[in-house]
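Subject: Structure handover

Hi there,

Here is the structure I promised to pass on.

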Amino acid sequence: MKPYKPHYIILLKDMRERFLIELRQIGKRVKQARLNKQMTQQDLAEKCGLTKSLISKIENGQTASAVATLLKISNQLDIPLSWVLEENESKNLVLSPSQSRTTKVGNKEMGYLYETLANRSPFSKIDPVVVTVLEDSAKEGPYTHLEDEFIYILKGSIYLSYDGEKYLLHEGDSAYFAGTIPHVFLPVEKMEAKVLTIFIQADER
């Protein structure tokens, strides 16, 4: 008689493998765009205010990076964040059925997961993302990026830490703020929350 293997063990194994594959795909796209720009890893790291070691780990699929980190890289390489996360071609109409989407980046250590909602055109000024704030606080924050940010709380509650102040936001609440100011989402009472986040290319200030 074969030993019983719970389905959830198989599922967790599949999720880990898929997560590693997705990180490698993201790394390949970052490396491709960097080489197209004729930049070294050191060049890109200096332009983004990051370390060469982190750029190397991202390109080799060895680490899951924050949205803000990938935004900085995307900005310096003149590519859409959604192209880094999704390999679909840009189209005038993008349909994204919920059952076909998978969480792309993030883990418990980072404090969140996120998934893109559309593969935008290089000429579009927005990137929509759903961020799942996990029970543990984000470990890499606070973050900054060039884009303005609009958020809408889809489920649960979060603390928005912005410029050193904490604001409590519940389901249905929203906020709009400049991404250049240090900010991070934090969980409330160790409860998971989902946040619709739209990064908006800011006008010259």
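A word on burial before anything else: a residue is called buried if its relative accessible area is under 20%, exposed if over 50%, and partly exposed in between, using a 1.4 Å probe and protein chains only. By that rule Val-195 is buried, with a relative accessible area of 0%.

Please keep in mind that this is a predicted model, in which local features need pLDDT of at least 70 and side-chain atom pairs count only at pLDDT 80 or more, while totals for chains, interfaces and linings use all residues. Numbering starts from 1 along each chain as its sequence is written, and side-chain values use heavy atoms, with hydrogens and water left out.

**Overall picture**

The protein has 5 helices and 9 strands; here helices (H or I, at least four residues) and strands (E, at least two) are DSSP runs, numbered from the N terminus. Reading from the N terminus, the order is α-α-α-α-α-β-β-β-β-β-β-β-β-β. Of the 205 residues, 41% are buried. A contact means heavy atoms within 4.5 Å. Among contacts with a separation of 6 or more, 67% are between residues 24 or more positions apart.

**The core**

Which residues touch the most other members of the largest nonpolar core? They are Ile-73, Ile-151, Ile-158 and Phe-185, in a core of 41 residues. A nonpolar core is a set of buried Ala, Val, Leu, Ile, Met, Phe, Trp, Tyr and Cys residues joined through side-chain atoms within 4.5 Å. Helix α4 (residues 67–77) gives the largest share of this core, 6 residues.

Back to Val-195, which sits in strand β9 (residues 193–200). Beyond its neighbours within four places in sequence, its contacts include Ile-151, Ile-158 and Phe-185.

On the helical side, Leu-44 belongs to helix α2 (residues 41–48) and is buried, at a relative accessible area of 0%. Its C-alpha atom is 7.5 Å from that of Ile-73, 29 residues away along the chain. Leaving out residues up to four places away, Leu-44 touches Val-30, Ile-55 and Ile-73, among others. Ile-73 in turn has contacts that include Val-30, Leu-44 and Ile-55.

In helix α3 (residues 52–59), the buried residues are Ile-55, Ile-58 and Glu-59. They fall within an arc of 95 degrees seen down the axis, so they line one face of the helix; the arc is that of the directions from the helix axis to the C-beta atoms. Gly-61, which follows α3, has a positive phi near 70 degrees.

His-145 lies in the loop between β3 (126–133) and β4 (148–155), yet counts as buried at 4% relative accessibility. Among the residues it touches are Ala-68, Leu-71, His-183 and Phe-199.

Three strands form an open sheet in the order β6-β5-β8, with antiparallel pairing; two strands pair if DSSP finds at least two bridges between them. β6 (165–169) and β8 (183–187) each have a single partner strand, so one side of each is left without a neighbour in the sheet. β5 (residues 158–162) and β6 are joined over 5 bridges, and Leu-160 has Tyr-167 of β6 as its bridge partner.

Enjoy exploring!

Best wishes
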